[in-house]
Amino acid sequence: MRTADIARRTGYSVQQIRNLERDGVLPPVGRTPTGYRIYGDPHVHAVLAYRALAAGTGPVEAKRIMRAAHAHPLSEALALLDAAHARLDTERRELALAKKAAEAITAEPIDAVRPSDAMSIAELAAALGVRPSTLRHWDAEGLVVPGRDSVRGPRRYSPDQVRDARVVHQLRMAGYRTAPLKALMPQLRRGRRWEEVLSTLAARDASIDTRSRALLEAAAALNTLLAR
């Protein structure tokens, strides 16, 4: 096959095929005595495997896996593929926790707060059933930052901050870790509606499914390539 033939069969442009060859995604390419490239079915399977891997892990990681697949032994390529599946599994488990937490706190009135809901750190800790040190930790992590009259003044939680603390507490009890929680809380504050949060979670769910199916497709193409 010529470069144009493999491009047509894989849906890439001629230049993209040459770029993939340059980046080590393809097996070694033969040439005619006059210098024209000669491709075969293994090159087609390599391009198809790369395309699926790129959809599942991103182009940088996909190229790493493909280069490892052309080397011997195959343990590095298999380890990289296992790691990609493991990352998706972690995302899926964390998303399940987020869904559980969202369902548990959908009744939380994040739109309406009352001035009388303002609390001191001791009052809020008692209301939540946590230690004041927990609230100080959330403050240090930027999850719920109360107001103060001075740098060393006592913490005073506004109604909005009390509401945020209740949300953080529920999410933490549902197993949500600090790092992803720090990313989620600004979305809650901007969205102001749980429907938007649930929609975001559903979009993440669909994205994980898409990438998981892409890795499944990539594994099939890789297996065909390696069998040859």
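Student: How many helices and strands does the protein have?
Tutor: There are 10 helices and four strands, where a helix is a DSSP run of H or I with at least four residues and a strand a run of E with at least two, numbered from the N terminus. Their order along the sequence is α-α-β-β-α-α-α-β-α-α-β-α-α-α. The model is predicted, and local features need pLDDT of at least 70, side-chain atom pairs pLDDT 80 or more, whereas totals for chains, interfaces and linings use all residues. Residues are numbered from 1 along each chain as its sequence is written, and side-chain values use heavy atoms, without hydrogens and water.

Student: Why is D5 called buried?
Tutor: The relative accessible area of D5 is 15%, and buried means under 20% (exposed is over 50%, partly exposed in between; 1.4 Å probe, protein chains only). D5 is therefore buried. This residue lies in helix α1 (residues 3-10). Of the 228 residues of the protein, 39% count as buried.

Student: What makes the approach of the D5 side chain to the backbone nitrogen of R2 a polar contact?
Tutor: The distance is 2.9 Å, and the limit for a pair of N or O atoms is 3.5 Å, with one able to donate a hydrogen and the other to accept it.

Student: Why is α1 called roughly perpendicular to α2?
Tutor: The axes of α1 and helix α2 (residues 14-22) come within 8 Å and cross at roughly 100°. Roughly perpendicular covers 65 to 115 degrees (under 35 is roughly parallel, over 145 roughly antiparallel, the rest oblique), so α1 is roughly perpendicular to α2.

Student: Which residues of α1 and α2 meet?
Tutor: T3, A4, I6, A7 and T10 of α1 meet V14, I17 and R18 of α2, contact being heavy atoms within 4.5 Å. Five of the residues in this contact are nonpolar, two polar and one charged.

Student: How do you know that the buried residues of α4 are on the same side?
Tutor: In helix α4 (residues 59-69), E61, A62, I65, M66, A68 and A69 are buried. Around the axis they cover an arc of only 160°, which puts them on the same side of α4. The arc is taken from the directions from the helix axis to the C-beta atoms.

Student: What makes the buried residues of α7 line one face?
Tutor: The buried residues of helix α7 (residues 132-141) are L135, W138 and D139. Down the axis of α7 they fall within an arc of 105°, so they line one face of the helix. They pack against α6 (121-128), β4 (156-157) and α8 (159-173).

Terms used: Axes are lines fitted to C-alpha atoms, for helices over the stretch in contact, and angles run from 0 to 180 degrees between N-to-C directions. Ala, Val, Leu, Ile, Met, Phe, Trp, Tyr, Cys and Pro count as nonpolar, Asp, Glu, Lys and Arg as charged, and the others, Gly among them, as polar.
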